[in-house]
Amino acid sequence: VSSDANALFIEVLLKHYKLDDLVDGVHTNPAKWRDGKLHITRYTDSHSCQKCPANMCKTDILSLYPTSTPRFYTGDGSNDLCPVLSLCERDTAWPRIGFSLCKKLRERDVKCTVREWKNAVAIVEKLEELC
């Protein structure tokens with residue numbers, strides 16, 4: 001999971017939907033409760049990408065995973081464009097219909113396969129078909 005949200009939010013979601021055992025790693029902004037307030041810090045303080053927000057380049061995170069097997073990237077925001085542009089022919093991008101990533105991908109050519117989705121069930125069904 002690569003998200004510009006925060007660790008507490010992602011942890012709660014993964015546990016609620018019983019997905020925590022299926023996730024290899026979470027890359028997000030650290031978060032801790034302190035004095036009754038949630039304190040969120042940046043995932044990183046520096047990266048060289050000019051397309052991404054200062055706290056996170058998802059392409060840097062994606063590069064931590066092997067390119068020898070197909071990668072499936074799901075996103076919806078503008079900060080998901082950079083990693084999608086780094087995907088290759090064997091990879092698949094899943095932009096959510098009605099959100100900025102989907103609109104941006106309709107306007108440009110990319111190397112990877114693009115499969116738009118409105119409901120996450122479509123993603124699960126395709127992954128089950130492939131496995």
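This is a predicted model: local features need pLDDT of at least 70, side-chain atom pairs count only at pLDDT 80 or more; totals for chains, interfaces and linings use all residues.
I take helices (H or I, at least four residues) and strands (E, at least two) as DSSP runs, numbered from the N terminus. Residues are numbered from 1 along each chain as its sequence is written, and side-chain values use heavy atoms, with hydrogens and water left out.

**Entry 1: the chain**

I looked up the order of the elements and found β-α-β-β-β-α-β-α-β-α-β-α from the N terminus on. The radius of gyration, taken over C-alpha atoms, is compared with a globule rule of 2.2 Å times the number of residues to the power 0.38. The chain has a value of 15 Å, close to the 14 Å that the rule gives for 131 residues, so the chain is as compact as a globular protein of that length. I also noted that the C-alpha trace spans about 45 × 35 × 30 Å along its principal axes.

For burial, I use under 20% relative accessible area as buried, over 50% as exposed and partly exposed in between (1.4 Å probe, protein chains only). By this criterion, 32% of the 131 residues are buried.

**Entry 2: T28**

I located T28 in strand β2, which covers residues 27–29. Is T28 buried or exposed? T28 is buried because its relative accessible area is 7%.

I then searched for its polar contacts (pairs of N or O atoms within 3.5 Å; within protein, one must be able to donate a hydrogen and the other to accept it, and residues adjacent in sequence count only if both atoms are side-chain atoms). A polar atom of the T28 side chain lies 2.8 Å from the backbone oxygen of S3. The T28 side chain also reaches the backbone nitrogen of N6 at 3.4 Å.

With contact meaning heavy atoms within 4.5 Å, and residues up to four places away in sequence not counted, T28 touches S3, D4, A5, N6, A7, I10, Y43 and M56.

**Entry 3: positive phi**

Most residues other than glycine have a negative phi. K18 sits in the loop between α1 (7–16) and β2, and K18 counts as exposed because its relative accessibility is 68%.

I recorded D35 as well, a residue other than glycine with a positive phi near 55 degrees. D35 lies in the loop between β3 (31–34) and β4 (37–40). At 73% relative accessibility, D35 counts as exposed.
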